[in-house]
Amino acid sequence: MEKRGAKYHRERLGEALREEIETIVEGELGDPRIGLVNVSRVELAEDSRSARIMVIVEGDDAEAERTMQGLLAAVGYIRREIAERLHL
């Protein structure tokens, strides 16, 4: 069973990750493939070393596919920016 303090820390870290990723995606990525995206949820692993990011992509199927390709191409940049900003 997980300690209450550790769970609270993970929840706060997840919310900080969600906010920072949304900021990066909305304003800093210059990839024209990326359309309207909202970061809906962040699921952190038990050890907080990895996370699964859930996004909502606006538009039709073709636009959503292009947006996801652009986001996947930007994963390295987003990961590096998050590590610097949150000191991870």
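**Figure 1. The accessible surface and overall layout of the protein.** The accessible surface of this predicted model comes to about 6400 Å², and carbon and sulfur atoms hold 49% of that area. Three helices and two strands make up the secondary structure, and from the N terminus on they follow the order α-β-β-α-α. The C-alpha trace spans about 45 × 25 × 15 Å along its principal axes. Of the 88 residues, 26% count as buried. Among contacts with a separation of 6 or more, 53% join residues 24 or more positions apart. As for charge, the mean positions of the 14 positive and 19 negative charges lie 8 Å apart.

**Figure 2. Helix α1 and its buried residues.** Let us start with the helix itself: α1 covers residues 4–27, 24 residues in total. From its first C-alpha to its last, α1 reaches 35 Å, close to the 34 Å expected at 1.5 Å a residue. Which residues of α1 are buried? They are Arg10, Leu13, Gly14, Leu17, Arg18, Ile21, Glu22, Ile24 and Val25. In an α-helix, residues three or four places apart point the same way, because there are 3.6 residues a turn. The partners against which the buried residues of α1 pack are β1 (37–44), β2 (51–57), α2 (61–73) and α3.

**Figure 3. The largest nonpolar core.** This core has 15 residues, and Val25, Leu29 and Ile78 are those with the most contacts inside it. The elements giving two or more residues to the core are α1, β1 and α3. Its largest share, five residues, comes from α1.

**Figure 4. Thr67 in helix α2.** Here we zoom in on Thr67, a residue of helix α2. Is Thr67 buried or exposed? Thr67 is buried, because its relative accessible area is 1%, under the 20% cut-off. Beyond residues up to four places away in sequence, Thr67 touches Arg33, Ile34, Gly35, Val37 and Val57.

Figure 5. What does Glu81 touch, not counting residues up to four places away in sequence? The contacts of Glu81 are with Ile24 and Glu28. Glu20 is 61 residues away from Glu81 along the chain, yet their C-alpha atoms are separated by 8.9 Å.

Terms used:
Residues numbered from 1 in each chain as written. Predicted model: local features only at pLDDT ≥ 70, side-chain atom pairs only at ≥ 80, totals over all residues. Heavy atoms only, no water. Contact = heavy atoms within 4.5 Å. Helix = DSSP H or I, 4+ residues; strand = E, 2+ residues; numbered from the N terminus. Expected span 1.5 Å × (residues − 1). Buried < 20%, exposed > 50% of the residue type's maximum accessible area, 1.4 Å probe, protein only. Core = buried A, V, L, I, M, F, W, Y, C linked by side-chain atoms within 4.5 Å. Areas by Shrake-Rupley, 256 points an atom, 1.4 Å probe, with all protein chains shown as cover. Lys, Arg positive; Asp, Glu negative; His and termini not counted. Charge placed at Lys NZ, Arg CZ, Asp CG, Glu CD.
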